[in-house]
Amino acid sequence: MDWLLKFPQLDPDWLLTAKRAIDGSLKALTRSYGQSIEDFFYPLLQVLIFFENVMANAPWPLIVIAAGALAWFASRRWAEVAGVVATLAVIGLLGLWVDSMKTISLVLSATIFSVAIGIPLGIVMNRYRRLGAGMKGALDVMQTMPPFVYLIPVVMLLGIGRVPGFIAVVIYAVPPIIRLTDLGIRLVDKEMLEAADAFGCSPSQKLWKVQMPLAIPTVMAGINQTIMMALGMVVIASMIGVQGLGLNVLQAIANQYFTQGIFNGFAIVGIAIIFDRISQAYGRRLQKHRGASHD
């Protein structure tokens with residue numbers, strides 16, 4: 001009756017051999033091509049350092065004015081501007097300005113990179129159904145995989161530092177923009193597509209002049225979710241050397257500094273609220289503009 005209580009499994013020796021073979025292959029790859037891999041990602045490291053230096057060393061009034069102007073451009077509401085400025089002021093008064101700027105620089109660079117690869121992949125996912133089905137399965141795995149798992153292969157290949165942390169953040173944050181780009185294109189009214197066909201639009205013209213403009217509000221929702229997931233990965237990425245608020249939270253956990261953890265946690269929440277309010281407000285403006293253009 002043991003077979004009813006103990007689930008059958010593959011031979012343990014075979015599993016151990018397979019695991020060792022995979023791990024050994026990755027280690028051999030690192031030993032053989034580690035320097036080449038680092039050289040390949042060196043330009044990315046310079047870009048990340050540039051973004052971080054710009055954000056961390058820029059005069060704080062300039063950052064506050066730029067954030068307020070961005071909030072006004074996105075929402076056209078003074079309440080949103082006041083909320084953004086007040087949040088940044090509180091972060092600065094708590095002595096977390098430099099670390100917050102490092103975190104914002106990582107999130108911005110990861111978001112830009114995610115959008116740059118996510119929107120084209122979303123278009124490909126929509127255009128090629130069979131490939132899209134495979135991509136959907138891969139995205140399901142990426143979105144359900146524990147984020148800590150992403151750290152293992154990048155650390156094995158690149159060690160610790162900015163670049164592996166950035167790559168882990170991008171892998172974790174890119175699925176929403178891919179999915180919502182595909183969804184936005186699919187939600188375009190068939191009547192609009194029929195009208196485009198009637199006017200003799202080519203597939204590329206129909207995509208870029210009809211489908212993508214109408215899908216922009218949904219794509220903006222994807223960008224919003226990408227930003228939120230990138231911020232959620234900041235603390236985890238600090239485990240492999242990413243500086244900023246996440247590293248402070250990790251140190252607070254290790255040393256049981258309650259106040260430090262709470263302050264840095266609230267700073268992360270504040271940054272998330274700023275990004276969320278600006279991106280959602282801009283998405284609503286685009287939605288209203290699209291509705292007005294159809295009237």
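**Contacts.** I started with contacts in this predicted model. I took pairs of residues at least 6 apart in sequence; 77% of their contacts join residues at least 24 apart.

**Fold.** Next I looked up the secondary structure. I found 14 helices and zero strands in the chain. Reading along the sequence, I noted the pattern α-α-α-α-α-α-α-α-α-α-α-α-α-α.

**Extent and burial.** I checked the C-alpha trace along its principal axes. I got a span of about 70 × 55 × 50 Å. The chain has 295 residues, and 41% of them count as buried.

**Surface and charge.** Then I turned to charges. I have 23 positive and 17 negative ones in the chain. Their mean positions lie 4 Å apart.

**Nonpolar patch.** Which residues make the nonpolar surface patch? I listed Val90, Leu94, Phe258, Ile262, Phe263, Phe266, Val269 and Ile273. The patch covers about 740 Å².

**Valine 90.** Valine 90 sits in helix H5, which runs over residues 78–93. Its relative accessible area is 48%, so I logged valine 90 as partly exposed. A patch residue needs over 30% relative accessible area, and valine 90 has 48%.

**Glutamate 80.** I stayed in helix H5, where glutamate 80 is also found. Is glutamate 80 buried or exposed? I read a relative accessible area of 15%, so glutamate 80 is buried; the cut-off for buried is under 20%. I looked up its contacts too, leaving out residues up to four places away in sequence. Glutamate 80 touches Ala71, Ser75, Arg277 and Arg284.

**Valine 47.** My last stop was helix H3, residues 42–57, where valine 47 lies. I found a relative accessible area of 40%. Valine 47 is therefore partly exposed, as that class runs between 20% and 50%. How far is valine 47 from isoleucine 104 in space? I got 14 Å, C-alpha to C-alpha. In sequence, valine 47 and isoleucine 104 are 57 residues apart.

Methods: Residues numbered from 1 in each chain as written. Predicted model: local features only at pLDDT ≥ 70, side-chain atom pairs only at ≥ 80, totals over all residues. Heavy atoms only, no water. Helix = DSSP H or I, 4+ residues; strand = E, 2+ residues; numbered from the N terminus. Buried < 20%, exposed > 50% of the residue type's maximum accessible area, 1.4 Å probe, protein only. Contact = heavy atoms within 4.5 Å. Lys, Arg positive; Asp, Glu negative; His and termini not counted. Charge placed at Lys NZ, Arg CZ, Asp CG, Glu CD. Patch = residues over 30% accessible without salt bridge, like charges linked within 9 Å, V, L, I, M, F, W, Y side chains within 5 Å. Areas by Shrake-Rupley, 256 points an atom, 1.4 Å probe, with all protein chains shown as cover. Salt bridge = Lys/Arg side-chain N within 4 Å of Asp/Glu carboxyl O.
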